[in-house]
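Biologist: I would like to learn how such features are read from a set of coordinates. Please take me through one example.

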Amino acid sequence: MIPQDKTDTLRGSCLCGAVIFEIRPPFTKFAHCHCRRCRRASGAAHATNIYLAPVQLHWLQGQQEIIRYNLPEAESFARWFCRHCGAPVPRISRSGRTVVVPAGTLEEHPLDLPKARIFCGSEAPWVCRGDEVPRYADYPEW
């Protein structure tokens with residue numbers, strides 16, 4: 001892997017490769033979210049997401065292959081995924097101000113590391129521990 005600087009693009013895709021995108025650092029936020037919704041959406045102890053502005057996302061292929069699911073009872077929770085393989089892809093918030101990128105969809109590892117573990121007040125009791133990432137019961141003051 002060739003290291004990138006803060007302005008290099010990072011490429012990502014869904015599992016089958018039908019949807020391909022690029023993002024450009026710097027990130028607004030990079031966090032592990034332990035809320036119940038993220039656990040259910042990811043099937044894991046947490047979701048690891050990168051947050052950035054919409055202008056930092058560029059779709060290279062397959063934008064028409066994306067399905068959006070808005071959780072009806074949630075003000076802002078949604079999930080975007082590839083219609084072919086079901087894998088998550090970046091999603092634009094309902095407000096249109098933020099892009100949420102599932103970090104595991106990236107082909108390269110970003111230089112930045114997660115800066116927070118959020119919603120630890122509702123984390124699963126079987127979550128992995130042992131890192132030095134700051135923990136917050138809900139949203140920190142970004």
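Biologist: How many nonpolar, polar and charged residues are in the lining of the largest pocket?

Modeller: By class, that lining has 13 nonpolar, five polar and seven charged residues, where Ala, Val, Leu, Ile, Met, Phe, Trp, Tyr, Cys and Pro are nonpolar, Asp, Glu, Lys and Arg are charged, and the others, Gly among them, are polar. Keep in mind that the model is predicted, with local features needing pLDDT of at least 70 and side-chain atom pairs pLDDT 80 or more, while totals for chains, interfaces and linings use all residues. Residues are numbered from 1 along each chain as its sequence is written, and side-chain values use heavy atoms, with hydrogens and water left out.

Biologist: What volume does the largest pocket have, and which residues lie nearest its centre?

Modeller: Rolling a probe the size of a water molecule over the atoms shows where empty space is left. A pocket is an open set of points on a 1 Å grid over the protein atoms alone, where a 1.4 Å probe fits, with protein on both sides within 12 Å along at least five of seven lines, and lining residues have an atom within 4 Å of a point. Here the largest pocket holds about 620 Å³, the volume being the space filled by probe spheres set on the points, which are joined across faces, edges and corners. Of its 25 lining residues, Tyr51, Ser76, Phe77, Val100 and Tyr139 lie nearest the centre.

Biologist: What is the volume of the second largest pocket?

Modeller: The second largest pocket has about 270 Å³, and among its 17 lining residues Ser42, Ala47, Asn49, Pro88 and Pro102 are the closest to the centre.

Biologist: In what order do the three strands of the open sheet lie?

Modeller: Strands are DSSP runs of E, at least two residues long, numbered from the N terminus, and two of them pair if DSSP finds at least two bridges between them. The order is S1-S2-S5 with antiparallel pairing, and strands S1 (10-13) and S5 (57-61) are the edges, each pairing on one side only.

Methods:
Helices (H or I, at least four residues) and strands (E, at least two) are DSSP runs, numbered from the N terminus.
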